[in-house]
Amino acid sequence: MNAHTFSTMLGGRELTLETGKIAKLVSGSVTLRYGDTLLLVTAQAREERSSLDFLPLTVEFEERHYAVGKIPGSFQRREGRPGEKAILSARITDRQIRPLFPKGYRQETQVVITVLSADGDTQTDVLSATAASAALSISDIPWEGPTACVRVGYIDGNYVINPTSSQLALSRLDLVVAGTRDAILMVEAAAQVVDEELLIGAIEFAHAEMQGLIDLIERMRDAVGLTKFTFATDADLTVDLVPEIAEAAQAAGLRSALLTLRKKERSQQVKALRDALIAERVPDSEAEGAAEQITAYKNAFYKAEKQELRRMILEEDLRADGRNTRTVRPIWIEARPLPRAHGSAIFTRGETQVLGVATLGTERDEFLVDDLSSESKDKFMLHYNFPPYSTGEVKRMGAQSRREIGHGHLAKRAIKAVLPSFEEFPYVIRVVGEVLESNGSSSMATVCAGCLALMDAGVPIKAAVAGVAMGLVMEDGKYKILTDILGSEDALGDMDFKVCGSAEGVTALQMDIKIVGITPQIMREALAQAKEARLHILGKMAEVLSQSRSELSPTAPRIISLKIDPELIGKVIGPGGKQVRELEALGTQVTIEESGQIRIFSASGLAAQAVRDKIEVLTRVVKVGDEFEGTVVKIAPFGAFINLFDGQDGMLHISQMSEERVENVEDVLLVGDKLRVKVAHVDERGKLDLIRPELEGKVPVREPRAPREGAGRPPRR
């Protein structure tokens, strides 16, 4: 065994990379240890070139329950499909490494991350991205790294590098940053409404802190790295054809076609122009070599189209739909389009449209999160659906894609920051974003539609939030920042920068950069321009719903909360759960916590109130001086037992029944008689001595009953 170990300090803890010890048949194999968390990351590529016209890269994040000493809870007792956290962790690694594969590289490549040990307090997503960079760097796979990935928290006015899970719970910021030695590649953030300058400072802090990790990986690569293999690329006829096609396309009206307002018509005109130009140059599409020529001309035309769109933006401040670089597309909103949903809204921005739907539930609807962190329950869910018809396409529909999960997670983080606490609003909340049309940033439209749906349902959010996607076109030091980008501008541009927040600050952020050299100044300008757009969108939202509705939607269920003495929980549950089943038979759901907190959930407010009244009766604590209208339920030689309310009797001694001496109780009271009584004493067993209020001061006060050793249970009716 020829193991090689390399270490550095990060955030006051040692981080160690090791190779040559395990998984030695793979091209790149690295273990990363940080605290008691240990990851194995491998990188492997096929030797033969793929026939695909894109990079066939897959990143898999495998969580093993043995890493935390657990047996999986599934029926087969083995790990199943990756959970949401694993998918999001894989996306972080993918977004970091994908831009650095060389142009024309088409070998099928796979990075597998396996969590071998997890200490429960260390975040594995950023560690896996850094370990993947190390595995690719020492492998024979062509890759232009290294990169590194870190997390930044903001606690008590200070930035904290790679905070633990317990520290992160106290942080106003959860920021993930990946980058190279000289540039930022990817940013992802959730925040408790922070200002833009704080974010810039956190990103700069992260980039400075990751330099030690990059040094570490470079040392490892220099010591044990393999020689990168050479790969063949298809002969690229495109470059030589671009000038010819660009000139011909301009003469044929490319600019006019590109400025067609609507996406569908624009695509049709551009395609017709392209096909006509190619038909002139390749008249016989069935001839030998014609297919390769057609492909080359199509690629050349796409490059010419992209060049013209970028030129218009940089030189004319003009975009494909006629806007300038700072204008948000027209916005149209409708609140409560769905009559039975608890809350709903349609948000349309240009040709992007999302139906947001909010549903309110009980604690029984919580989502159980069962990953390698401690088991928890999620009281807020946001699900993003992207059906193929939203882009006018036909595709197989199945489980959510990684893209859908990632977009939904971003929208969830944006909205979660403004939700009331569960104590303030004791509902489990689900928001669904149904993308109906998509031409640029449907995830940001989901933030707007989801927020409006919550407001429509009557959820008392702290502030409205909105999202906007920003782009960038940069050439030769000249650049333009684009507000509210189209789908085509996402493809042709150099940055995809999504910013969400309220009027007061940012709640979520996601940035992917395709070029090297984004400066802090460009980021500041992009954030400022995004704030301008966000305030505009929030203004449009306020025209429809300026705040949450004052009352819950008529179709929303009602929840009543009350607190009882924990020692009285048994009275509410009853023997074998009999009592709580009777309560729920009234049309409610009842949840009871060990603390004595009870929540009553019902579609009917009257039913919920009736159950509350019954619970208050069951758990009422009687105090000396309380008066009741009671009913005689049993006669004894020494007195009468009076029922005060369901489940609670007291004893009225014969001496307290009249001013005159009473020889026989039945001379004064009979079973079924009603009378006013007052509690005179409560003993340590909870037994009550009663008096008649009108006789106070007229008959001698009876001394409280002394408990008798070995006395049996008092009479029960």
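The model is predicted, so local features need pLDDT of at least 70 and side-chain atom pairs count only at pLDDT 80 or more, while totals for chains, interfaces and linings use all residues. Residues are numbered from 1 along each chain as its sequence is written, and side-chain values use heavy atoms, with hydrogens and water left out. The protein chain has 16 helices and 29 strands. Helices (H or I, at least four residues) and strands (E, at least two) are DSSP runs, numbered from the N terminus.

**Overall build**

- The radius of gyration is 35 Å, well over the 27 Å that the globule rule gives for 717 residues, so the protein chain is more spread out than a compact globule. This radius is taken over C-alpha atoms, and the rule is 2.2 Å times the number of residues to the power 0.38.
- Along the principal axes, the C-alpha atoms fill a box of roughly 125 × 65 × 50 Å.
- Of the contacts with a separation of 6 or more, 68% join residues 24 or more positions apart. Contact means heavy atoms within 4.5 Å.

**Surface and charge**

- Buried residues make up 52% of the 717 residues. Buried means under 20% relative accessible area, exposed over 50%, and partly exposed in between (1.4 Å probe, protein chains only).
- The accessible surface comes to about 33600 Å², and carbon and sulfur atoms hold 50% of that. These areas come from the Shrake-Rupley method with a 1.4 Å probe; for residues, only the protein chains shown count as cover.
- There are 89 positive and 103 negative side chains, and the centres of the two sets lie 3 Å apart. Lys and Arg count as positive and Asp and Glu as negative; His and the chain ends are not counted. Each charge is placed at NZ of Lys, CZ of Arg, CG of Asp or CD of Glu.

**Nonpolar cores**

- In soluble globular proteins, nonpolar side chains tend to be buried together.
- A nonpolar core is a set of buried Ala, Val, Leu, Ile, Met, Phe, Trp, Tyr and Cys residues joined through side-chain atoms within 4.5 Å.
- The largest core has 160 residues, and Phe347, Ile429 and Met541 touch the most other members.
- Leaving aside neighbours within four places in sequence, Ile429 is in contact with residues including Thr359, Phe380, Leu419 and Val459.
- A second, separate core has 18 residues, among them Leu644, Phe645 and Val677.

**Residues in helices**

- Asp125 sits in helix H2. Its relative accessibility is 10%, so Asp125 counts as buried. Beyond four places in sequence, Asp125 is in contact with Ser89, Ile92 and Arg151.
- Ser137 also belongs to helix H2, which covers residues 124-138. At 4% relative accessibility, Ser137 is buried. Its contacts beyond four places in sequence include Trp143, Pro146 and Arg221.
- Gln609 lies in helix H16 (residues 605-618). With 35% relative accessibility, Gln609 is partly exposed. Gln609 and Ile559 are 50 residues apart in sequence and 9.4 Å apart, C-alpha to C-alpha.

**Residues in strands**

- Val177 is part of strand E9 (residues 173-179). At 0% relative accessibility, Val177 is buried. Beyond four places in sequence, Val177 is in contact with residues including Cys149, Ile184 and Met210.
- Gln648 is in strand E27 (residues 648-653). At 13% relative accessibility, Gln648 counts as buried. Beyond four places in sequence, Gln648 is in contact with Val622, Ile642, Asn643, Gly686 and Leu688.
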